[in-house]
Amino acid sequence: MPRIKEHIKTSSSIGAISAGVWSHKHGDNAFEIICSILGGYVGGKVAAGWPDVIDRPTSPNHRSIGHGILPNFVLVKSQRNNFFVCLNALQKQVDDFKKNNTLQYIILAFVSKFIWGFIIGIVFGYGTHLLTDFSTDRGLPIIC
Ligand SMILES: [Zn+2]
């Protein structure tokens, strides 16, 4: 079983990379990409331990619903639209102020792209935890 330090390393790295790549593919400038990477790193770090918080590693039911393939698939599938609504709303705020390179744009872009990356980091950080657990001998349960 991977330890929490390993989960934090992999989830924060994958969160940062995912947010950075997504931001770059979106056509963001260098400043916005850096803000996204920071948010993705923190989001991945925060979510790295969530599956083990839901299914306490000390209990006999470790790898229950928090690690279940089907419950997590249903959660992602059902929240997919909310995920994109959040990202698009944050992006629109940045785009509205992008034309003028004012202090207001810099602050708003930092906060918005950080949160934007944070959300991506949460999703990819949690997913990375599940993938690393899946690669162990115990694997993941289908439901719980
Ligand atoms: Zn786990």
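Author: Residues are numbered from 1 along each chain as its sequence is written. Because the model is predicted, local features need pLDDT of at least 70 and side-chain atom pairs count only at pLDDT 80 or more, while totals for chains, interfaces and linings use all residues.

Reader: Why is α1 called oblique to α5?

Author: The axes of α1 (residues 4–26) and α5 (residues 103–134) come within 7 Å and cross at roughly 135°. Angles under 35 degrees count as roughly parallel, over 145 as roughly antiparallel, 65 to 115 as roughly perpendicular and the rest as oblique. The pair is therefore oblique.

Reader: What makes α1 roughly antiparallel to α2?

Author: The axes of α1 and α2 (residues 30–47) come within 7 Å and cross at roughly 150°. That angle makes α1 roughly antiparallel to α2.

Reader: Which residues make the contact of α1 with α2?

Author: Among them are Ile-8, Gly-15 and His-24 of α1, and Glu-32, Gly-40 and Ala-47 of α2. Two residues are in contact if their C-beta atoms, placed from the backbone, lie within 7 Å.

Reader: How do the residues of the contact of α1 with α2 divide by class?

Author: They divide into eight nonpolar, twelve polar and two charged. Here Ala, Val, Leu, Ile, Met, Phe, Trp, Tyr, Cys and Pro count as nonpolar, Asp, Glu, Lys and Arg as charged, and the others, Gly among them, as polar.

Note on methods
Axes are lines fitted to C-alpha atoms, for helices over the stretch in contact, and angles run from 0 to 180 degrees between N-to-C directions. Helices (H or I, at least four residues) and strands (E, at least two) are DSSP runs, numbered from the N terminus.
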